[in-house]
Amino acid sequence: MATTIAPGAPAEVTASRPLGRRPGRRKRRLQSNLTGYAFLLGAVVCFAVFSWYPMVRGIVMSFQRTRRGETTWVGWDNYERIVNDPSFWTAWKNTFYFTALALVLGYAVPFFVAILLNEFRHAKGYLRILVYLPVMLPPASALFLFKYYAYDPSDAGLFNAVLKFFHLPTSEWMQSTTMTMPAMVIASTWMNMGAAVLIYLAALQNIPGELYEAAEMDGAGIWRRIWNVTIPQTKLILSLMAMLQIVATMQLFIEPLILANGAGTQDSATSVAYLIYQHGFFQNDLNGAAALGVIMLVVLAGFSFVYVRLTSRRDET
Amino acid sequence: MTRTLVSHAQMRRGRGRYLYWTLLTAVVIVFTLVFIGPLYWMVTGALKSGQEIAQTPPTLWPEDPRLTNYTDAWNQLDLAKLLFNTFYYAAGALVFQLVLDTSAAYALSKLRPAFGNAILGLMLATLMIPAMVLIIPQYVTVIDLPILHVNLLDSPLALWLPAVANAFNIFLLKRFFDSIPEEIMSAAIMDGATPLRTLWSIILPMSRPILGVVSIFAVTAVWKDFLWPKLVMPSPETRTVSVGIYAFSGGTPMNVVVAAAVIAAIPTIVFFLIFQKSIMSGLTAGSLKG
């Protein structure tokens, strides 16, 4: 295969060139810069139009109001309106609740599944394919399955049938205000955990075997080995994945949209992202939606800042 | 094979061996039930009649399996059209990303024009911005492009061009190109090859694995995406399959909706089973050894 690459450090291409002052060196430099920009152009234009500009535009929009084609500056009006939306605090409460629940279920489960899979010498490929299969499903397909077949509130639903089989109390799932969030977390974890499992598996395979051996010599049992070897050795990826997962789950959208038809029973499913969508595309209030987007950005950026601060400080001690 | 949490020797002897096989069997059964079970339920459920699906307790295998839900889904939702749209968008997104992201990563890695690192930094910074935050201003941009004042609604470009602004792809490609020795580049330049020629005849053939990974990500991203295509492809003729099913779900019997969901999922499942090796290695290679 063409992938076998000599490991030596690549030398700077300019260093191997004679460095004498030659006429036209400047021109050559300019030309090579221009060639470089030509190759960059397409991607840079796409980034500029669809990422960098919208970022600025979003902040600008949140202080403007467009009515009948006329745009005026309105100061903090949009923010005021969005904060006074009766669903505003509920949406934040629901989103935080979902994030917290997803952290309990969706964060620990893939890690332990990865530890378990890493121990097996057989059926490895099969188990990996199984875990990753739901990740490949279009989320809309998977969620309709959950909505109609799994979370059917009567005893005909898959989950209730299983619960009944084990003589456990059944649930009304999406129709009960208390079960809405756990039901969405279950669906979301089922759909997404495969990616995390595979990433953890790769991290586990990089742990040197001697560490386990040494720990065992010292008389450490399985749990102690997990606690003292596995977790410290995968700390970096664990903390990175926690942050990525929190940022992803805070953007909860398609689960409430499909499973709960948006808001759910008594607003029990409304998320911040759904509120953005609702304001932007149903209440004809793109400016208010942009303001909520900026609030979300500030909250997530603040969270990431604090998180990185905390985790890096712990590393120093 | 390196040693893991439990030593091989311990697993091979007496009680350890017994425990290992019990645990393995249990995990295989539980995982099959958890991950294939719902899919089985979905496929067979859509074979049942509306009456049978509402029956308690539910039947494990349809009493009278019928394909009517699948044929109804195919005809009523015009799934052929929806699937074709999605294929078309995925193929276009793949071409745009391969051409533009590869050449950008090549420029950043090998041609290194002035301010290249600043540009890369600005690109990577977009990874920090949650998608939901940008959705409104992106939509406003697409319905009235700056300078050109063109409306891209219902045009595939509204899916293809934003897909190019994918910092993760550029990062993966650039890192791979960085690992190709400079000597190869300078040798090519010495032989008088233009930068384009070097990219095409030397760099790209060496980069097949990473190009495969990027292609797979590009295709699955389009297939799985929901909100963005829902917003920018609003008319029934241009919808993607997920959006189309969602749009029809309100007034369609639930068995038909699920049958449509099954059909929409088949291409990704087949795609996964064909490319599972590259998908899984790409996932871990891409996200870890940064």
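Q: Two strands count as paired if DSSP finds at least two bridges between them; over how many bridges do strand β1 (residues 64-67) of chain A and strand β2 (residues 70-73) of chain A pair?
A: This is a predicted model, in which local features need pLDDT of at least 70, side-chain atom pairs count only at pLDDT 80 or more, and totals for chains, interfaces and linings use all residues. Residues are numbered from 1 along each chain as its sequence is written, while chains are lettered from A and ligands numbered from 1 in the order in which they are written. Strands (E, at least two residues) and helices (H or I, at least four residues) are DSSP runs numbered from the N terminus. Strands β1 and β2 of chain A run in the antiparallel sense, and their number of bridges is 4.

Q: Which residue in the turn between β1(A) and β2(A) has a positive phi?
A: On β2(A), A:T71 is the bridge partner of A:T66, and A:T72 is that of A:R65. The two strands form a hairpin with 2 residues between them. The turn residue with a positive phi, about 50°, is A:R68.

Q: How many residues of the side of chain A that touches chain B are nonpolar?
A: Contact here means C-beta atoms, placed from the backbone, within 7 Å of each other. The contact takes 93 residues from chain A and 93 from chain B, and helix α1 (residues 25-61) of chain A supplies the largest share of the chain A side, 22 residues. Ala, Val, Leu, Ile, Met, Phe, Trp, Tyr, Cys and Pro count as nonpolar, Asp, Glu, Lys and Arg as charged, and the others, Gly among them, as polar. On that side, 19 residues are polar and 9 charged, and the nonpolar count is 65.

Q: Is A:V60 buried, partly exposed or exposed?
A: A:V60 lies in helix α1 of chain A, and its C-alpha atom is separated by 8.9 Å from that of A:A290, 230 residues apart along the chain. A residue is buried with 20 or more other C-beta atoms (placed from the backbone) within 10 Å of its own, exposed with 12 or fewer, and partly exposed in between. A:V60 has 13 such atoms, so its class is partly exposed.

Q: Why is chain B said to be more spread out than a compact globule?
A: Chain B has 15 helices and 0 strands. The globule rule, 2.2 Å times the number of residues to the power 0.38, is compared with a radius of gyration over C-alpha atoms. For 290 residues the rule gives 19 Å, and chain B is more spread out because its radius of gyration is well over that, at 24 Å.

Q: How far apart are the C-alpha centres of domain 1 of chain B and domain 2 of chain B?
A: The bounds, from an automatic or database domain assignment, are 8-71 for domain 1 and 75-288 for domain 2. In their contact, 10 residues of domain 1 meet 8 residues of domain 2. The separation of the two centres is 34 Å.

Note on methods
Contact = placed C-beta atoms within 7 Å. Pairing = 2+ DSSP bridges.
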